[in-house]
Amino acid sequence: MTYLAITDLQKHYDSYHALRGINLSITEGEFVVFVGPSGCGKSTLLRTIAGLESSTGGSIELDGRDITEVASSKRDLAMVFQSYALYPHMTVADNLSFALRLAKVSDAEIKEKVRSVSASLQLDALLERKPKELSGGQRQRVAIGRAIVRQPKVFLFDEPLSNLDAALRVQMRLELARLHKKLGTTMIYVTHDQVEAMTLADRVVILNAGQIEQVGTPLELYRQPNSRFVAEFIGTPKMNLIAANKIVRHEDNLAIELLGQQILFPANRLKGPLPDSVVVGIRPEHMTLVEEGGDLSGRIELVEHLGSEAYAHLQLSSDQTIIIKAPARTELKDGQEVSLKIDISEIILFNENDRVISVIPEEA
Amino acid sequence: MKRSITRLLMAPSVIMLLVWMIIPLSMTIYFSTIRYNLLYPGQNNFVGLMNFEFFITDPGFIPAVSNTLILLLSVLIITVVLGVMLSALIDKPFFGQGIVRVLLISPFFIMPTVNALIWKNMMMNPVYGIFAWISESLGFEPIDWLSSYPLVSIIIMVSWQWLPFAILVFVTALQSQDTEQKEAAQMDGATGLHIFRYLTIPHLARPIAVVVMIETIFLLAVFAEIFVSTGGGPGYDSTNLAYLIYNQALLQYDVGVASAGGLFAVLLANIVAFFLIRAVGKNLTV
C-alpha cells in the first residue's frame with residue numbers, strides 16, 4: 001500500500017538540526033500537504049525528498065526502491081517551485097519539452113505530449129512566448145505543465161501559490177484540486193497557508209521544529225488536534241485558550257472553573273484520570289452570544305465585520321481576551337457587556353504539557 | 001525662455017566636449033592632407049590624399065591590418081572561452097575559493113609594460129625563461145618565442161592580461177544565476193553538462209557581449225606589449241596598426257602619413273564595431 005515511505009529521516013546543517021526523525025508513509029494517489037510555521041522544516045523535508053538536499057540519516061523509499069542516495073534527476077519526481085524557475089531564454093513550448101528532450105523522447109511524441117498538456121492548461125496560445133511575456137498565473141501554469149508533461153511518480157509543490165494575488169490563488173487552488181482528481185498522481189504540497197492545506201489535502205502533515213506534530217485528514221486535525229500547537233495552528237480565527245482556575249469532580253460532571261464561572265463537562269467522557277490542571281480550548285465558532293446566564297461574560301473590545309460574518313473581540317478579564325464569531329448583521333457595539341454560552345461538546349482540554357487530554361467523542 | 005536658459009547653462013560643457021573632440025580630430029585630418037615630415041621642417045604644402053596612398057602602400061600595411069585582426073579575434077576567443085570555463089569551475093564553493101579568485105583576477109592589476117617584461121624575461125626567454133627550462137628538462141630544444149612565434153607570444157601576453165577581466169565579469173554574472181532554475185533542470189533530469197549548456201551559457205550571453213565589446217576597444221590599440229617585447233618584428237610579423245602608426249610618426253618622423261594611418265584606424269575600429277555590435281548586440285536587447 002505504501003508508495004512513498006520516509007523512515008527516521010534526519011537532516012543536520014552545520015549547527016542546526018532541521019529534520020529530527022521524520023516518519024511518514026504516503027499511499028499512491030494521495031494529496032499530502034506539509035504545513036507549519038516558518039522554519040519548521042517543511043521545505044527542507046520536501047527538498048530532501050526531491051534529492052536537492054542530502055539527508056544525514058534515515059531512508060526514503062519510493063515504489064519499493066530506496067532512493068535516499070539517488071540523484072534527483074533519477075528519482076522520477078517533478079517539482080514546481082515557488083519562483084516557478086522557468087528557463088528564461090526558452091519559449092513556453094521549450095520549457096514544457098525540456099525534460100522530454102533530455103530523455104531523448106521522439107519528436108512526434110514530444111509534440112503530442114506538449115500539445116495535450118498545453119491544451120489542458122490553456123497554454124495553447126502562449127507556446128511561442130518567453131516566460132517574461134507571461135503573467136504570474138500563466139507562468140504558474142507553465143511550471144505545472146512542465147511537471148505534468150513528464151508523468152512523474154510524484155509531484156512536489158513548494159509553496160507554488162504564494163507569489164500570486166489573492167483572487168488568482170483561489171482560482172489556481174481549484175485548478176490544482178481538479179488536476180489531482182484528473183491525474184490521480186501522488187502529490188506532496190508544501191504551504192504555510194492553512195486554508196490551502198485544509199482545502200487541497202487528503203492528509204495534512206503538521207510540522208513543528210523539525211518534527212511531525214500530527215498527521216491526519218483536515219477534519220481530524222480540526223476536530224481532534226493532539227496538541228495545543230495543532231489546535232492553534234488550524235482554524236481561523238485561532239482557537240481561544242483559557243486556563244482553568246480549578247477543576248473538581250462534581251457528581252457526574254467535572255466542574256471547570258473559568259475566570260470565576262463554572263462550566264460542567266461530563267466526567268464519563270474522560271478517558272484517563274482527573275487532570276490536575278487544564279487549559280480549555282474553544283473555537284470562536286463554538287460559542288454563542290446570549291442575553292444572560294451564559295458561561296462567560298465580558299466586554300466587547302472590537303468588532304471586525306467581514307461581510308459574511310463578524311468577529312467580536314471580548315475582554316473577559318484584564319489579561320484575557322477571546323474572539324467569538326457572530327452573525328453578519330450583528331448589532332454589537334464596542335464597549336457593550338455581553339454574556340456567552342459555550343458549546344460544551346466542542347471544547348478541547350489540554351494538560352500542563354500542552355498535550356490534549358483524550359476524551360471520548362460525543363455521540364453526534 | 002526656459003529652453004534658452006537650459007541651453008545656455010549646458011553650453012559650456014557641450015562646447016568643452018566638442019572642442020575636446022573636434023580639435024584633435026580636425027588637426028589629424030589636416031595633418032593627413034599636408035606634407036609634414038619632421039626631417040623637412042617648413043615644407044608643409046598640401047598633398048591631397050598622398051599620405052593615405054603612402055600609408056596603404058607601405059609594406060607594413062597589410063601585415064599590420066591582418067595582425068590587428070588576428071590579435072583581436074584570438075584574444076577574444078581565448079578570454080571568452082577560458083573565462084567562461086574557469087568562472088564556471090570556481091563558481092561552486094570550495095576550500096580556498098577566495099585566494100583562487102584573487103589569484104585569477106590579479107594579472108589585471110599589472111600594467112601592460114610590466115606584463116610584457118615578465119613574459120619576455122621570465123617566461124619566454126630562450127636561455128633562462130621558464131618555458132625554456134621546461135622544454136630542456138623534457139629533453140627538447142628551447143624555443144625562442146619572441147623571434148620564432150612573435151604574434152603568438154603577443155597573443156599569450158595580452159590574453160593573460162585580459163582573461164582576469166572576463167573572469168571578473170563572468171563570475172559576477174554566474175552569482176546572479178537563479179539556483180531554483182538549476183534545481184528545476186536537475187529535477188527535469190539534466191546533468192551538470194546539460195545545465196551548463198542549456199542554462200549557464202544562455203545566462204552568460206549578455207556578459208559575453210559586454211566583455212567582447214569592451215575588450216575590442218582596448219585590443220585594437222594594443223601597443224605597450226609589442227613595444228616592450230618584440231618591437232613589431234621580426235620584420236612586420238608582430239606589427240599591428242597602432243605600432244605601425246607609431247613607427248611612421250616617431251621612427252620615420254612622418255606625421256602626415258601617421259595621421260593618415262590614425263584616420264584609417266578609426267575607420268577600421270568602426271567597421272569592426274559595426275560587425276561586432278551586429279553579432280553580439282542582439283543579446284543585449286534580450
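**From one alanine outward**

Modeller: Ala11(B) counts as exposed, because 10 C-beta neighbours lie inside 10 Å; with C-beta atoms placed from the backbone, a residue is buried if 20 or more other C-beta atoms lie within 10 Å of its own, exposed if 12 or fewer, and partly exposed in between. This is a predicted model, in which local features need pLDDT of at least 70 and side-chain atom pairs count only at pLDDT 80 or more, while totals for chains, interfaces and linings use all residues. Residues are numbered from 1 along each chain as its sequence is written, and chains are lettered from A, and ligands numbered from 1, in the order in which they are written.

Ala11(B) sits in helix α1 of chain B, which covers residues 2-32; helices (H or I, at least four residues) and strands (E, at least two) are DSSP runs, numbered from the N terminus. The C-alpha trace of chain B spans about 75 × 75 × 30 Å along its principal axes, and buried residues make up 32% of its 286 residues.

Two residues are in contact if their C-beta atoms, placed from the backbone, lie within 7 Å. Among the contacts in chain B with a separation of 6 or more, 71% come from residues 24 or more positions apart. Where chain B meets chain A, the contact takes 14 residues from chain B and 16 residues from chain A. On the chain B side, α9 (179-187) and α10 (192-219) are the elements that give two or more residues, and α9(B) gives the most, with six residues. That side divides into five nonpolar, five polar and four charged residues, where Ala, Val, Leu, Ile, Met, Phe, Trp, Tyr, Cys and Pro count as nonpolar, Asp, Glu, Lys and Arg as charged, and the others, Gly among them, as polar.

Across in chain A, an open sheet of three strands has the order β11-β15-β21, with antiparallel pairing; two strands pair if DSSP finds at least two bridges between them. Its edge strands, each pairing on one side only, are β11 (240-243) and β21 (348-350) of chain A. Four bridges join β11(A) to the antiparallel strand β15 of chain A, residues 279-282, and Val279(A) in β15(A) is the bridge partner of Ala243(A). The loop between α8 (228-233) and β11 of chain A holds Pro237(A), which a cis peptide bond joins to Thr236(A), with omega about -10 degrees.

Two other alanines of chain A deserve a look. Most residues other than glycine have a negative phi, and most peptide bonds are trans. Ala85(A), however, has a positive phi of about 50 degrees; it lies in the loop between β6 (77-80) and α2 (92-102) of chain A and counts as buried, with 24 C-beta neighbours inside 10 Å. Ala209(A) likewise has a positive phi, near 50 degrees, in the loop between β9 (203-208) and β10 (211-216) of chain A, but Ala209(A) is partly exposed, with 14 other C-beta atoms within 10 Å.
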